[in-house]
Amino acid sequence: KQVEEEILARHFGLPYSPSRSVLFSEYIEAYLRTKAHKKSIDRDRQRLVKIVEIIGDLPLSAIGKSHIEKLEARLLSGDAPVSTTTLNRYMQLLRHLFNLAMEERVITENPLRHYEPYVEEQKGRALHGEEITAVLRAAETMRNKPAGPIHGRMLDLILFGLNTGMRLSEILNLKKSYINDGMICYPSSETKSPRRTAGLRKAEAKTIVLNDTAQEIIRSQRS
């Protein structure tokens, strides 16, 4: 009730003198009401309750960096440790809650503002032959009847990706200086940053061998 009164008072510019700071558990209820439409609302509630159990039911404004570090350590190495991917979901949920609290002027600073999530491995799958054929056919149609300049280049982009295994961001950021003797050598500073690597070492460079098709696509570009 106090949370709702404070939010309404601040929204309408009315005077408000709280008798005490808003507790974390109180704001959780206010936050969940704003997210009642979410399919994951029950899971969010369970995770927020777990967070309160770990860091305590503190005033929302009292939660700081040390509490976030305690939460991370307990989630990763407690009685039922979670994966770094699940930890990211906890922190993402908590960040959203604090952002809303800032918007409502319940707090003035988000304690997760400098928190960096762990890298997550992307689980993808390879396209099978019929899918590749369909994609190439669609790209060729776009090239023959382009609706815009990017449509004319789509076939080259897809063919280059298929023949090199490069991500789209790597293709678009490719520089001539990276290409030498039929090979691309991407410096580590230009490859995808893992941020927090959980002990994994970053490779010094990424080397990609260009086959004849990939080299011909490069030669056909104006720049």
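Contact here means heavy atoms within 4.5 Å. By that criterion, residues 24 or more positions apart account for 53% of the contacts in the protein chain with a separation of 6 or more. The model is predicted: local features need pLDDT of at least 70, side-chain atom pairs count only at pLDDT 80 or more, and totals for chains, interfaces and linings use all residues. Residues are numbered from 1 along each chain as its sequence is written, and side-chain values use heavy atoms, with hydrogens and water left out.

The protein chain holds nine helices and three strands. Read from the N terminus, the order is α-α-α-α-α-α-α-α-β-β-β-α. Of the 223 residues in the protein chain, 29% are buried; buried means under 20% relative accessible area, exposed over 50%, and partly exposed in between, with a 1.4 Å probe and protein chains only. The protein chain exposes about 14,900 Å², of which carbon and sulfur atoms supply 51%. Accessible areas come from the Shrake-Rupley method with a 1.4 Å probe, and for residues only the protein chains shown count as cover.

Next comes the interior. In soluble globular proteins, nonpolar side chains tend to be buried together. A nonpolar core is defined as a set of buried Ala, Val, Leu, Ile, Met, Phe, Trp, Tyr and Cys residues joined through side-chain atoms within 4.5 Å. The largest such core has 32 residues, and Phe24, Tyr27, Leu60 and Leu97 have the most contacts inside it. Two or more residues of this core come from each of α2 (24-34), α3, α4 (65-77) and α5. Helix α5 gives the largest share, nine residues. A second, separate core has ten residues, including Met166, Tyr178, Ile184 and Leu210.

Ala101 lies in helix α5 and is buried, with a relative accessible area of 0%. Not counting residues up to four places away in sequence, Ala101 touches Tyr27, Leu60, Val106 and Ile107. Ala101 and Ala30 are 71 residues apart in sequence, and their C-alpha atoms are 9.7 Å apart in space.

Two packed helices are described by the angle between their axes and the distance between the axes. Axes are lines fitted to C-alpha atoms, for helices over the stretch in contact, and angles run from 0 to 180 degrees between N-to-C directions. Helix α3 (residues 41-55) packs against helix α5 (residues 84-103) at an angle of about 90°, with the axes 10 Å apart. That makes α3 roughly perpendicular to α5; angles under 35 degrees count as roughly parallel, over 145 as roughly antiparallel, 65 to 115 as roughly perpendicular and the rest as oblique. On the α3 side the contact is made by Asp44, Arg47, Leu48, Lys50 and Ile51, and on the α5 side by Thr86, Arg89, Tyr90, Leu93, Leu94 and Leu97. These residues divide into six nonpolar, one polar and four charged. Here Ala, Val, Leu, Ile, Met, Phe, Trp, Tyr, Cys and Pro count as nonpolar, Asp, Glu, Lys and Arg as charged, and the others, Gly among them, as polar.

Helix α3 also packs with α4, at an angle of about 110° and with the axes 9 Å apart. The two helices are therefore roughly perpendicular to each other. Lys50, Ile51, Ile54 and Ile55 of α3 meet His67, Lys70, Leu71, Arg74 and Leu75 of α4. This set comprises five nonpolar, one polar and three charged residues.

Apart from neighbours within four places in sequence, Leu155 is in contact with Leu136, Ala139, Glu140 and Arg143.

Leu174 sits in the loop between α8 (168-172) and β1 and is partly exposed at 22% relative accessibility. Its contacts, leaving aside neighbours within four places in sequence, are Phe160, Ile179, Ile184 and Tyr186.

Backbone angles remain. Most residues other than glycine have a negative phi, and most peptide bonds are trans. Arg105, in the loop between α5 and α6 (129-144), has a positive phi near 60° and is exposed, with a relative accessible area of 57%. Asp181, in the loop between β1 (179-180) and β2 (183-187), has a positive phi of about 55° and counts as exposed at 71% relative accessibility.

Technical notes:
Helices (H or I, at least four residues) and strands (E, at least two) are DSSP runs, numbered from the N terminus.
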